[in-house]
Amino acid sequence: MKTLSLIVPVFNEQEVLRTSYERMKATMESLDYGYEIIYVNDGSRDDTLVQLREIAAQDKKVRVRSFSRNFGHQLAVTAGMDIAKGDALIIIDADLQDPPEVIPELVKAWENGADIAYGKRAKREGETFMKKFTAACYYRLLSFMSAYPIPLDTGDFRLIDRKVADMFLQMREHNRFLRGMSAWMGFNAVPVEYVRHERFAGKTKYTLKKMLKLAFDGITGFSDKPLSISTALGTGICFIAGLGLIALIVCAIAAGVPSWLWAVDGIVMLQGITMLLMGIQGAYMNRMYDELKGRPLYIIGEEINID
């Protein structure tokens, strides 16, 4: 019998964990497959780990990996992939915004030949207009900037075939963006539309800082377009500078405008652009530095029901 591995990264999810587990277990038992549920505790500071110990003691199909500290969502998913035994792996968060009841539809798409079946958000419940607007802008910006087609309005909720998972295991970069990595592989990916629910309980763990970092990792990890900004800006600035020089001469002669005002303004603008471009180049260099250090992606503090 084929098996499915359900990978659930968790961070401070004590309010929703037990309800989430019951719904996930019921969904997995409704499928005609063997299964395992892999929880990766991403350095939670509440009672999440205590509850995971209790759940794993009662259900041997639940496997737990607990980080020594918070390493981030993308690395938590990676840690689950590293020990998953299934013929297909399913990634889902514990907050129930992505309903476990959609999993059978992902499995059906896989049975019909999809290497990757990803959840596509047809509707987002319980989110403010600003949240929806910024999310829409981000996904479209990422799609434009990326050298590889990344589907719009999707998250990490997806099913991946074993051969896709094996490719992930070979890709060990530290600054990970799983959606971009999936797109880079080029496997047959099929969307499954669903309604994304409001968070069941607790507060979102994706702060603005974490969301911006994920967005930046997605752009810098799968696009070199930011590096080409200097060429476009340089060309534009040279053109504007030429026109400005002509305007400066005319104004200085006709109106007596002090020429140093124009010079100061031009210098400030050029310095600002230079700093921006240096920052972009520095971000790419920092990614290379992270890889050259050769540190492990994460550190495990505790494991439960791991063979």
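This is a predicted model: local features need pLDDT of at least 70, side-chain atom pairs count only at pLDDT 80 or more; totals for chains, interfaces and linings use all residues.
Ser66 lies in strand β3, which covers residues 62-67. Setting aside residues up to four places away in sequence, Ser66 touches Asn41, Leu49, Ile299, Ile300, Gly301 and Glu302. With Asn41 there is also a polar contact, in which the two side chains are joined at 2.9 Å. Gly43 is 23 residues from Ser66 in sequence, and the C-alpha atoms of the two are 6.8 Å apart in space.

The largest nonpolar core has 35 residues, and the members that touch the most others are Leu4, Leu6, Val8, Tyr39, Ile90, Ile103 and Val107. Helix α4 (residues 103-111) supplies the largest share of this core, five residues. The surroundings of Val8 can be followed one by one: beyond its neighbours within four places in sequence, Val8 is in contact with Met24, Ile37, Ile38, Tyr39, Val40, Ile92, Asp93 and Ala94.

Helix α1 (residues 17-29) packs with helix α2 (residues 48-58) at an angle of about 35°, and the two axes are 10 Å apart. The crossing of α1 past α2 is right-handed. On the α1 side, the contact is made by Leu17, Arg18 and Tyr21, while α2 contributes Thr48, Gln51, Leu52, Glu54 and Ile55. By type, the residues of this contact are four nonpolar, two polar and two charged.

Terms used: Residues are numbered from 1 along each chain as its sequence is written. Side-chain values use heavy atoms; hydrogens and water are left out. A nonpolar core is a set of buried Ala, Val, Leu, Ile, Met, Phe, Trp, Tyr and Cys residues joined through side-chain atoms within 4.5 Å. Buried means under 20% relative accessible area, exposed over 50%, partly exposed in between (1.4 Å probe, protein chains only). Helices (H or I, at least four residues) and strands (E, at least two) are DSSP runs, numbered from the N terminus. Contact means heavy atoms within 4.5 Å. A polar contact is a pair of N or O atoms within 3.5 Å; within protein, one must be able to donate a hydrogen and the other to accept it, and residues adjacent in sequence count only if both atoms are side-chain atoms. Axes are lines fitted to C-alpha atoms, for helices over the stretch in contact, and angles run from 0 to 180 degrees between N-to-C directions. A crossing is left-handed if the near helix is turned anticlockwise from the far one by less than a right angle, and right-handed if clockwise. Ala, Val, Leu, Ile, Met, Phe, Trp, Tyr, Cys and Pro count as nonpolar, Asp, Glu, Lys and Arg as charged, and the others, Gly among them, as polar.
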